[in-house]
Amino acid sequence: MFRLFAYQRLTPVFAIAPILFFLAVAPLAPAQIPVIPKAPATQTPTAQKPADTQKPEDDQASIETLKVSVNLVGLFFNVKDKHGALIPNLTKDDFTVLEDGKPQTIKYFAAESNLPLTLGILIDSSGSQLRVLDMEKEVGGAFLRQVLTDKDEAYVIDFNIDASLVQDFTRDVHRLQAALNKVKINTGYVNPLPGAGNPVPTAGTARGTVLYDAVYLSAHDMLAKEVGRKAMILLTDGEDEGSQLKIKDAIEAAQKADAIVYVLLCADRGFYGSFQVGYSGEGEMRKLTEATGGRVINVGNKFDKLKEAFNQIAAELRSQYNLGYVSTNTKLDGSYRKLEIKAKENYKIQSRAGYYATPREPLPR
């Protein structure tokens, strides 16, 4: 298990300039914390996609790229009807794209993109998850077996009073399941009373559940340099206690990494009530998911609801539309640009809310 970073309650001056060179064109993140240490190559695959994840040569023509630098903005999104059913078989003529309210010309469009998927599983192991953790491990492993193909990769991060990389990038579902199985509850608190063996929620302690830090690190250190489709799935009750960063920092990092964030709210409300601790995580999680093109699915402590939630995410990841446009605002100044995709029909568009104007990938044609 690799520790993502060491928490220090000191003046926030860290020697990290070498790891932030790729953010030089964007505003510096509010909190500066060291990069996640990568596992040795003998233990886990490298974080970069190996050559064998590429499409066969006869498919390359469809994704040939321009040999020029352009301000390409790429968007992955889902389209749903009023009942929440996915709408397939639409074309680029069915959509308009606005950036900061100004229409953009769609240069590239594809339905059900075949690009590789990089997926992060972030699992909350704080005390409040005691009664749902085993369920998360079982259903999460089944989801990975269902959704990952031989060209996709995933990793597992465990967070409680700190955040740890349990499994680095791998295509091996058995390794991912083993990583999930390693995750254990860390309550952050031990009841000193004789005979009191039950853990209690860590809310109110100095450090309990560093949710926002875990999302930031997953985006900034794991996904930012990856290409193609990128997503995070958080298994958590949505409560943060003790992160060095704020929810806005987590959102910004996810948007800069072009990562879609899904949150599966796994919470035993009775557990909170028994200790008279308030539960308020859902609101912040909705901010995170709506900004990145994902969504919150509330599953409580129900096995069937969690399974269905994972099935819904799998369907959405397999039914994404992918469009690209060259922004009419050519300044790569790191500023935030609001995005809006509109459909001609009265469909619901599930897409990220904006992006940061840093150099983009070359435009597919």
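Modeller: Just after helix 4, Asp258 has a positive phi of about 55°. Helices are DSSP runs of H or I with at least four residues, strands are runs of E with at least two, and both are numbered from the N terminus.

Biologist: What kind of model is this, and how are residues numbered?

Modeller: It is a predicted model, where local features need pLDDT of at least 70, side-chain atom pairs count only at pLDDT 80 or more, and totals for chains, interfaces and linings use all residues. Residues are numbered from 1 along each chain as its sequence is written, and side-chain values use heavy atoms, with hydrogens and water left out.

Biologist: Back to helix 4. Is it mostly covered or mostly open?

Modeller: Mostly covered. Eight of the ten residues in helix 4 (247-256) are buried. Buried means under 20% relative accessible area, exposed over 50%, and partly exposed in between, with a 1.4 Å probe and protein chains only. Among the buried ones are Ile247, Asp249 and Glu252.

Biologist: What do they pack against?

Modeller: The buried residues of helix 4 pack against several elements, including helix 3 (211-223), helix 6 (282-292), strand 13 and strand 15. Contact means heavy atoms within 4.5 Å.

Biologist: How many bridges join strand 13 to strand 15?

Modeller: Three. In one of them, Tyr336 is partnered by Tyr356 in strand 15.

Biologist: And Arg337? Buried or exposed?

Modeller: Arg337 is in strand 13. Arg337 counts as buried, at 1% relative accessibility. Leaving out residues up to four places away in sequence, Arg337 touches Glu99, Asp100 and Tyr355, among others.

Biologist: New topic. At what angle do helix 1 and helix 7 cross?

Modeller: The axes of helix 1 (133-147) and helix 7 (303-318) cross at roughly 25° and come within 10 Å. Axes are lines fitted to C-alpha atoms, for helices over the stretch in contact, and angles run from 0 to 180 degrees between N-to-C directions. Helix 1 and helix 7 are therefore roughly parallel, a label for angles under 35 degrees.

Biologist: Which residues of helix 1 meet helix 7?

Modeller: Met135, Val139 and Phe143 are among them, and the helix 7 side includes Phe303, Leu306 and Phe310.

Methods:
Two strands pair if DSSP finds at least two bridges between them. Angles under 35 degrees count as roughly parallel, over 145 as roughly antiparallel, 65 to 115 as roughly perpendicular and the rest as oblique.
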